[in-house]
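Thanks, everyone, for making the time this morning. I would like to walk you through one model, so please have the sequence and the coordinates open while I talk.

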There are 2 protein chains.
Amino acid sequence: MKISRECISCLARQAVEIAEEATSNITMQEEIIKRSLQELGKMDFNETAPEIVFRMHQHAKKITGINDPYKGLKEQYNEIAKEIYDRIIDEKWLDKAEDPFDMACRLAIAGNIIDFSVGLNLGPSDIVKSVEDSMKHDIFGVGSAALQKAVKESENILYIADNAGEIIFDKFLLENLPRHKVTYVVKGGPIVNDATMEDAISTGVTNLVKVIDNGYSAQGTILKDCSSSFKEAFSKADLIISKGQANFETLSGIRDKNIFYLLRAKCSSVASIIGCKQMDYVLTSY
Amino acid sequence: MKISRECISCLARQAVEIAEEATSNITMQEEIIKRSLQELGKMDFNETAPEIVFRMHQHAKKITGINDPYKGLKEQYNEIAKEIYDRIIDEKWLDKAEDPFDMACRLAIAGNIIDFSVGLNLGPSDIVKSVEDSMKHDIFGVGSAALQKAVKESENILYIADNAGEIIFDKFLLENLPRHKVTYVVKGGPIVNDATMEDAISTGVTNLVKVIDNGYSAQGTILKDCSSSFKEAFSKADLIISKGQANFETLSGIRDKNIFYLLRAKCSSVASIIGCKQMDYVLTSY
């Protein structure tokens, strides 16, 4: 999904947010904002938004010398998500569900509300609301039965993660997949609140399935920049489960793979491409 | 009023709007957007937003070769405003008003809704609504009586106009001022829908008061770039009536002049500096 005209003001907003999250030093903030806007001014309209945002973050990292400014926030959201996860386990939501696989998909999609790039000013109550609403709302797209069928027909499932916190909600779905066939993918390095190996270990995802990283630290999956070992895993997979907007933005141009996208359509550009309403719960394939 | 962090995404949005208003040629649009974003990336945080926007428009003018892309829209809004003006005259709103000066101020402020830079997607019905609401709403600030007192005590009134269309609503207030003391100021050249001498002539403002231009074609009043004859008029004035946001943004740093600002606070940054709510009707002085 190429950058849209609508993305431009959103990326400029992110330039400010990246600067303010990276440092409290005003001079550094202004330098990051200016460098990021210059980067935006040099973009190629055939690029995806995550490619441009990656270069903005590189400026912030270079100027501040801090590689992972969101580390504390990621830990905090892993904690918050863990509390909600425990409550769902205690209350036996999946055991009681008429269709546990559908319930697991809904929870995995609900967790995708945890996204620090889309300007939602998220609080813990928004996550609880996303989870509760996911039980009531129609899921836009092909339906969980289509994914379940694809899972049954697959030998090699690549599950591409999105954010810290959210990955705890992925556990519900991972537990409902043939785990020996699943490889779970996190980022190769920190970028905003995207999940890394550290998060996969601390949240226990590594106890459930094989976890690899993609060898790159941009949001989404910019295939050309990922490690050769990830590219090989991607190539081998006969089913890809892709979580979140940035993975959709960077993978939706690939049409020769069987990819299911699970996400909340938080921004209007993504919603418009998918054909759903903004904030919809989406489970779709191309 | 220096550019705020909030202004940055708004200016990026304007970069896209400037490009799309300037030409339908996609390649040219992309070039304008990129040049404008690069301009944004080179900004000085001590500048005002109209200074940056001026340079963006210069790129658009240079790339397209079109000096006044908003000409047709300005004429259209002068027509729309004229219809509403005639209705107010026919219905004798000012004759019937308990306080005609206050009513004239309200109408002049209401007309400031006609602004193509703030992303309001304005239609004719919004102008009628702005006029009708101006009768009901409290006016934020010092009140029309304070302006009326200042007018009585002044010998040399400079009335700095804002937009085409809006200038027709200024006529209500001009007719309630000692017209021989008033000099009305339009822009020295076209920029978005700002009023120029052509608009002052076509709307009959030139029949009411002396009209001069400021010798520059940026939004607002960037004093250092205006003509020496305008600067002289500005210096001589003992009362300045400033219309609209951009004039507020560019003049509010000047504290040794008696300036009254009449505007609708359409953007949150301006509202925050003034201390009012967004979309408030404002008549204030510093």
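I will go through the conventions, then a sheet and its helices, then some ring contacts, and finally the relation between the copies.

This is a predicted model, in which local features need pLDDT of at least 70 and side-chain atom pairs count only at pLDDT 80 or more, while totals for chains, interfaces and linings use all residues. Residues are numbered from 1 along each chain as its sequence is written, chains are lettered from A and ligands numbered from 1 in the order written, and side-chain values use heavy atoms, with hydrogens and water left out.

Let me begin with chain B, where an open sheet of seven strands runs in the order β1-β7-β6-β5-β2-β3-β4 with mixed pairing; helices (H or I, at least four residues) and strands (E, at least two) are DSSP runs numbered from the N terminus, and two strands pair if DSSP finds at least two bridges between them. The edge strands of chain B are β1 (139-141) and β4 (210-213), each of which pairs on one side only. Within this sheet, β6 (residues 259-264) and β7 (residues 281-285) of chain B pair in the antiparallel sense over five bridges, and B:L262 has B:L283 as its bridge partner in β7(B).

Helix α7 (residues 124-136) of chain B packs on the sheet, touching β1, β6 and β7 of chain B, where contact means heavy atoms within 4.5 Å.

Turning to aromatic rings, a search of the whole structure finds twelve aromatic pairs over all chains; rings of Phe, Tyr and Trp (its six-membered ring) pair if their centres lie within 6.5 Å, and planes under 30 degrees apart count as stacked, over 60 as edge-to-face and the rest as tilted. A:F169 and A:F172 form a tilted pair, 6.4 Å centre to centre with 55 degrees between the planes. Being three residues apart in helix α9 (residues 166-174) of chain A, these two are separated by about one helical turn. Ring pairs also link A:Y85, A:F169 and A:F172 into a cluster.

How are the two copies related? Chain B can be laid on chain A with an RMSD of 0.0 Å by a turn of 180 degrees and a shift of 0.0 Å along the axis, with the superposition done by least squares on the C-alpha atoms of residues with pLDDT of at least 70 in both. The copies are thus related as by a two-fold rotation axis. Finally, 100% of the interface residues of chain B are also interface residues in chain A, so the copies meet through the same surface.

Conventions: Axes are lines fitted to C-alpha atoms, for helices over the stretch in contact, and angles run from 0 to 180 degrees between N-to-C directions.
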